Amino acid sequence: MPYSFDPFPVLTTDRLVLRQLTPADTEDMFSLRSNPELMKYIPRPLAQSSNDALVLIEQMNQRTQEQKSIIWGISLREDPALLGFIGFVNLYPEHFRAEVGYMLHGNFHRKGIIREALNQVIRYGFETMHLHTIEAITDPENIASAAVLTQYGFQQEGYFRENRFFNGKFISQINWTLFRSAFLKTTNQE
């Protein structure tokens, strides 16, 4: 089931614009991906330079063109600066399934921004992409992310103890799932 992300779908909320990442976001992306505190639950190497951040933006956009993922930059309506990003980091069209992921600058934590953005992305996934299931993978210590996911009805499907090796240590993960039918019931759309 191919998706069409051309033109790139811009999503909006009362406070936010979810838009395509551009080279103008390089320094903000570097600020996010080079911050050890923000990256502590994301098993990926820290960005070492602005060029690393630019390459990441280019890779994210290339994966969107290839219909392997779709990532939105998160900005406030009144300010185009990149606060973070959210999207379907992996698409499995043959299974009508996608994996959601997100990251937000620390200055904007606990302001409901990820909740607001996630609501739009989930709706886009179920209503426009006609997904059956959206999954998420979190670090067991990432309590804030677990709280956001459970608010939207994600259910813990599995706890995988020390199943990945990153930075010289084994790490665990929790897999979460949200079914379209469950989301529609909670939003009274069925």
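## Helix faces, strand pairs and ring pairs

Helix α5 spans residues 143-151, and its Ser 145, Ala 146, Val 148 and Leu 149 are buried. Looking down the axis of α5, you find these buried residues inside an arc of 160 degrees, so they line one face of the helix. Keep in mind that this is a predicted model. Below is a quick tour of the helices, the strands, the aromatic rings and one arginine.

**Around helix α5**

- What do the buried residues of α5 pack against? Their partners are β5, α4 (113-128), β6 (133-138) and β8 (169-179).
- Turned away from that buried side is the face of α5 with Ile 143 and Ala 144, both exposed.
- After α5 comes Gly 153, with a positive phi near 95 degrees.

**Helix α1**

- Helix α1 covers residues 26-33, with Thr 26, Met 29, Leu 32 and Arg 33 buried.
- Why do these four count as being on the same side of α1? Because they take up an arc of only 120 degrees around the axis.

**Strands β6, β7 and β8**

- Strand β8 runs antiparallel to β6, and 6 bridges join them. Here Thr 138 sits opposite Ile 174 of β8.
- Strand β7 (residues 155-166) is also antiparallel to β8, joined by 8 bridges. In this pairing Phe 160 faces Gln 173 of β8.
- β7 and β8 make a hairpin with 2 residues between them, and Asn 167 in the turn has a positive phi of about 55 degrees.

- Strand β1 (residues 11-12) pairs with β2 (residues 16-19) in the antiparallel sense, over 2 bridges. Thr 12 stands opposite Val 17 in β2.
- The link from β1 to β2 is a hairpin through 3 residues.
- β2 also runs antiparallel to β3 (residues 70-76), with 4 bridges joining the two. Leu 16 has Leu 76 in β3 as its bridge partner.

**Aromatic rings**

- How many aromatic pairs does the structure hold? There are 5.
- One of them is Phe 126 with Phe 183: the ring centres are 5.7 Å apart and the planes are at 40 degrees, so this pair is tilted. For the label, planes under 30 degrees apart would count as stacked and over 60 as edge-to-face.
- This pair links distant parts of the chain, since Phe 126 belongs to helix α4 and Phe 183 to helix α6 (residues 180-186), 57 residues apart.
- Are Phe 126 and Phe 183 buried or exposed? Both are buried.
- Elsewhere, ring pairs tie Phe 8, Trp 72, Phe 88 and Tyr 124 into a cluster.

**A look at Arg 115**

- Arg 115 is in helix α4, and its relative accessible area is 32%.
- Which residues does Arg 115 touch once neighbours within four places in sequence are left aside? The contacts are Ala 147, Val 148, Gln 151 and Tyr 152. Val 148 is one of the buried residues of α5.
- Phe 165 is 50 residues from Arg 115 in sequence, and the C-alpha to C-alpha distance is 30 Å.

Conventions:
Residues are numbered from 1 along each chain as its sequence is written. This is a predicted model: local features need pLDDT of at least 70, side-chain atom pairs count only at pLDDT 80 or more; totals for chains, interfaces and linings use all residues. Side-chain values use heavy atoms; hydrogens and water are left out. Buried means under 20% relative accessible area, exposed over 50%, partly exposed in between (1.4 Å probe, protein chains only). The arc is that of the directions from the helix axis to the C-beta atoms. Contact means heavy atoms within 4.5 Å. Two strands pair if DSSP finds at least two bridges between them. Rings of Phe, Tyr and Trp (its six-membered ring) pair if their centres lie within 6.5 Å; planes under 30 degrees apart count as stacked, over 60 as edge-to-face and the rest as tilted.
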